[in-house]
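I opened this notebook to keep a record of what I looked up in the structure, working from the parts of one chain to the way the chains meet. The entries follow the order in which I looked.

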Number of protein chains: 4
Amino acid sequence: MLVVMQSQATEEQIRAVCERIESLGYKAHPIPGSGRTAIGITGNTGTVDIASVESMPGVVECIPVSKPYKLVSRDVKEENTIVRIRTHLGDVIFGGTDVAMVAGPCAIESREQAFQIAKHVKAAGVRLFRGGAYKPRTSPYSFQGLGEPGLKILAAVREEFGLGIVTEAIDNESLDLVEQYADVIQIGARNMQNFSLLKRAGRSRKPVLLKRGMSATLDEFLMAAEYLMSEGNYNVILCERGVRTFSDYTRNTLDLSVVPAVQRRSHLPIVVDPSHGTGRRNKVLPLSRAAVAVGSNGLLVEVHHDPDHALSDGPQSILPEELEQLIREVRQIADVLGRAIN
Amino acid sequence: MLVVMQSQATEEQIRAVCERIESLGYKAHPIPGSGRTAIGITGNTGTVDIASVESMPGVVECIPVSKPYKLVSRDVKEENTIVRIRTHLGDVIFGGTDVAMVAGPCAIESREQAFQIAKHVKAAGVRLFRGGAYKPRTSPYSFQGLGEPGLKILAAVREEFGLGIVTEAIDNESLDLVEQYADVIQIGARNMQNFSLLKRAGRSRKPVLLKRGMSATLDEFLMAAEYLMSEGNYNVILCERGVRTFSDYTRNTLDLSVVPAVQRRSHLPIVVDPSHGTGRRNKVLPLSRAAVAVGSNGLLVEVHHDPDHALSDGPQSILPEELEQLIREVRQIADVLGRAIN
Amino acid sequence: MLVVMQSQATEEQIRAVCERIESLGYKAHPIPGSGRTAIGITGNTGTVDIASVESMPGVVECIPVSKPYKLVSRDVKEENTIVRIRTHLGDVIFGGTDVAMVAGPCAIESREQAFQIAKHVKAAGVRLFRGGAYKPRTSPYSFQGLGEPGLKILAAVREEFGLGIVTEAIDNESLDLVEQYADVIQIGARNMQNFSLLKRAGRSRKPVLLKRGMSATLDEFLMAAEYLMSEGNYNVILCERGVRTFSDYTRNTLDLSVVPAVQRRSHLPIVVDPSHGTGRRNKVLPLSRAAVAVGSNGLLVEVHHDPDHALSDGPQSILPEELEQLIREVRQIADVLGRAIN
Amino acid sequence: MLVVMQSQATEEQIRAVCERIESLGYKAHPIPGSGRTAIGITGNTGTVDIASVESMPGVVECIPVSKPYKLVSRDVKEENTIVRIRTHLGDVIFGGTDVAMVAGPCAIESREQAFQIAKHVKAAGVRLFRGGAYKPRTSPYSFQGLGEPGLKILAAVREEFGLGIVTEAIDNESLDLVEQYADVIQIGARNMQNFSLLKRAGRSRKPVLLKRGMSATLDEFLMAAEYLMSEGNYNVILCERGVRTFSDYTRNTLDLSVVPAVQRRSHLPIVVDPSHGTGRRNKVLPLSRAAVAVGSNGLLVEVHHDPDHALSDGPQSILPEELEQLIREVRQIADVLGRAIN
């Protein structure tokens, strides 16, 4: 259910409607737009008794929302959501005309490794650094990440280089820590339907980068974002990272069509991860160009100065010099589309 | 790495080898077989210095294990693992010649609903009752389960009808509770690679029923079980519940070939869930027959006395009278294969 | 469009309606049922002017058919279609209560090979022999079949052993020959949407065994059968042979749920090919049992006396003694379902 | 098997080696390169007796080719294959630095329709016109194309507008005609493994545009091209048009990673069809940009001036004005990559 307010509705009127909704046992989500404010109602297990809301001052109409997702829907909020990450090097904007860049190693292995890569990432003009301290690995015998010491290294990277930090949380315990250290909380593909984790992340004040699950339909992907938003976290960045198909020459099949598909249905920004999406170093550059050309709001790229000795996902990490070439090429493409790299 | 002991090796010798392994910083997993004991070594991030182990009394040889999974592998343990669930109505055996039956509603909705269905389940001769108190749902606005009150209802079902209880845990918090109330902890398909939850379940003393992820390869499925076993929980039951494909006339594509494939590679029992595997009431009966014919160690079936008003997954729940027919038919098939329903 | 005739409609009335339909530029397909005759109308590119038909003697009503397929639909013909293949060893029935068996090598390699395998096939009690003279192979450098000499060997097998012959046509030219030599024309998975070939086979007087395409949806599968029927060939046997998925431990994923799904929508018989469906010798037996248990109208199995030296698909061919065991086991399962092996 | 000739080998020496190979019962494929000529040997069912070839004048070495494909492989021919289509408006080059454009309706419906669209296509600067006279349709009741009258319309389009013609053949009969009328013979996705048709097209003198099958692996795709080349037709253009996955918001999943993957393995040009690849008008433009950015050698786009009344595939056809915008946008992207639209 969605309550549409008059464009000249006052703050008091909006607040009053929200209070009425909450008094009826539901949750109100005021969604300010450029012209008008809408108020999403969630938590309704059946039909909401809206008669008392519809007649309140400032209300235009109450419309039922037929799509399974509400808060993520462009029906509810027409303008793009802008997620702004403040870093010492300047703000990074997801959802505007710019292409936001995130780069770094798959996993944080040591202070030396992180600093060396961070130096290259900064030199390439990138302002957000990614790197996992908690790694969900298929095998219990694979390197699982450094844990909190890894987060401390990330904090030192921010301190030293001014880079913003994007890092993954894999359960409620790690989220408690990631939330303290990171600028953006990443939820990985394997946890896209870990609803308990989504609810916890939805109660965080930090933005969330949500990766599409390996075989998630578009509706499932948007519903996972709805979990985050329905708990109150509206700073959600979606991320396509390849889906599982019969195709065998790439690790996953990067589904670039999802970018315009998401942008039609939702106001949330969507970025592309060509590193996981292909699993092959030699495909990261062409698919990065394609991602920007298709309209992606950003790129998430794995970089390693010594990928052959990386503790995880070496074969898909590009070298620092390849990152520079990548930035150069995607900048040119962004440029002809009237966009800038950020 | 696997240490193979002599068939006449004593308990003391086995214990001594385990202690040596642990003193080297690894974890030892003694795996008793009918003829001999093998000891799996896990936790090795590199090469294990085995010289000191190989020369110990009672040791035949130390063999490196090339497959990514170890403890789940039939190479390590040739005999089938038998998981025995004790109920007031008698033991239910997974992994022997019998076909173990589990039936009940998708979700526990109320005491009345649970009792009514439990009565039918018991009448049909089934001794394990399934029903979710925590439901992972695609939408945050769908019924999410009753939580602990649902677990209390399940405990009351056990008290009243003598049925054993199988129910799902969705995060570490719910697992703490499920562990207290259930006889078998279920890990759902969406959480098959929730490694944090797997590790926690691996430290539980209760058997775990692990569902295959929606797009999990066989290796990923077995590796998820390896997570459970590497933490010390050897009572693992695998469950095929359909995979995601392009096919659109069933909710998922039930992959019955995985049953003989698992049985060749692993000693763990594997059961089939034709309810989620097809998502269609009218396909549960024929696919149950097929599952038993292909050699499944058991069946997990959703039953509801009023599926049209079920709070979740009504369209795939069979009616109590259909359960009786199902049991009758699979019993006949089990019979010609020299197996019994249990 | 479907014309339903009165149950007491005479032959003359039915013939008159058909003539009127054809005079309007359409094709009439009288479909006799136990109670009444229906007449399918095909070839309509738009709306049929049925006013003149609806008022003819013997007509009950004219109903538009909303499903994309008509002639294959159970809406149009409620009773199962029975496809009867006459052999010197007796009739083989597809679509009745019996389970029809077809066995033989993937490819005909020589007279000696064919005769040796035919001897075993007959000894096992099977009356239909399969073997390809034309082989669609992924590589142009692989053995492509013996062509017409292979068909002559198949004719000799029929002569010598009394077995009926099932063999594949891959284009219009080979179909002209296959039609002369075979008892059943097989259309392979790769040609399921070779509509030119389907139309040609639809004009043949010989029954057609149509294999499901590697990624065919149920509707596409039934529409391919509709191509055959719309040309006048009503003796169509469908065959599930596995679909392509991400799953990697079998060559294809055998989709047994399609059996009850087809049987609900269509009156045509459907059989299962566990050899191509799994691509693994050790899975043919369990999946054959499962196919019969799920309700398949028959089995198509590859047998070779020396699979390691077979010119094609050796790894999925079972040995003659395994065929005997297979027949024994599926007979027992058929038996408890009130069915016989045929 | 591949015979590598010395860089200074004479025409006579090359001819002599080819004759020796053919005298041994094989087929020789001389493949001129910038530095040296290689000669592919096909038709070997077992081991070739190469001793007599290896010692001939001008031969460097005979190397066995381990990959299943030979003639399509970059191992055999390092330089890109250039397929040049001559039109009255100038040559169109596939495989060079240019991006070759092909546009037109899905099906030829009438002379008026074809001419109207051709006018727009020419006005947009495109020199190759596509349009089907033979349409493989899922349903026998759908419009199947005009047949030869459609080909005559295409010939008139060439006459009137100077556009080159790309049109599909669906069987050997239609190929006989298509070959006479078209400049490029298209083989559709459903026929990618219609080996009989591939062999026939391989014997044509006209270039072939080969579409990837709906669930074809990369090896199967290249092997289908190998069928064409092994019959002597070296003018092959590959075409990605989307693969079938679980994804449901586009008709197919456009797999852009296949472009760099093909370009690493093969010297053949590869183009992208974003119309079939997405099945949605609103996705054609962004995916066209992405295809050019990823490095595609060309685009194949469906255009219709009145898509709502198109006899086939209206929902994926763009409007003439959208084609102009598309050309404008992909030209800019091509430009920054140092490429031109052609």
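**Entry 1: domains.** I began with the domain assignment of chain A, which gives domain 1 (2-63) and domain 2 (83-336), the bounds coming from an automatic or database domain assignment. Taken over C-alpha atoms, the centres of domain 1 of chain A and domain 2 of chain A are separated by 35 Å.

**Entry 2: ground rules.** I noted that this is a predicted model, in which local features need pLDDT of at least 70 and side-chain atom pairs count only at pLDDT 80 or more, while totals for chains, interfaces and linings use all residues. Residues are numbered from 1 along each chain as its sequence is written, and chains are lettered from A and ligands numbered from 1 in the order in which they are written.

**Entry 3: the sheet in chain B.** I looked up the strand order and found an open sheet of four strands, β2-β3-β1-β4 (chain B), with antiparallel pairing; strands (E, at least two residues) and helices (H or I, at least four residues) are DSSP runs numbered from the N terminus, and two strands pair if DSSP finds at least two bridges between them. The edge strands, each pairing on one side only, are β2 (27-32) and β4 (59-63) of chain B. On average, neighbouring strands of this sheet are turned by 20° against each other, direction ignored; axes are lines fitted to C-alpha atoms, for helices over the stretch in contact, and angles run from 0 to 180 degrees between N-to-C directions. Strand β1 (residues 2-5) of chain B pairs with β4(B) in the antiparallel sense over four bridges, and B:Val3 has B:Cys62 in β4(B) as its bridge partner. Helix α1 (residues 11-23) of chain B packs on this sheet, touching β1, β2, β3 (37-42) and β4 of chain B, and its direction makes about 155° with that of β2(B). Here, as below, two residues are in contact if their C-beta atoms, placed from the backbone, lie within 7 Å.

**Entry 4: one residue in chain A.** Is A:Ile21 buried or exposed? A:Ile21, found in helix α1 (residues 11-23) of chain A, counts as buried because it has 27 C-beta neighbours inside 10 Å, where the cut-offs are 20 or more other C-beta atoms within 10 Å for buried, 12 or fewer for exposed, and partly exposed in between. Not counting residues up to four places away in sequence, A:Ile21 touches A:Tyr26, A:Ala28, A:Ile41 and A:Val53. I also noted that the C-alpha atoms of A:Ile21 and A:Ser52, 31 residues apart along the chain, are separated by 9.3 Å.

**Entry 5: chains B and C.** I found 30 residues of chain C in contact with 30 residues of chain B. On the side of chain C that touches chain B, α8 (258-265), α10 (281-294) and α11 (320-336) of chain C give two or more residues each, and α10(C) gives the most, with eight residues. Because 100% of the interface residues of chain C are also interface residues in chain B, the copies meet through the same surface.

**Entry 6: chains D and A.** This contact takes 30 residues from chain D and 30 residues from chain A. α10(D) gives the most to the side of chain D that touches chain A, with eight residues.
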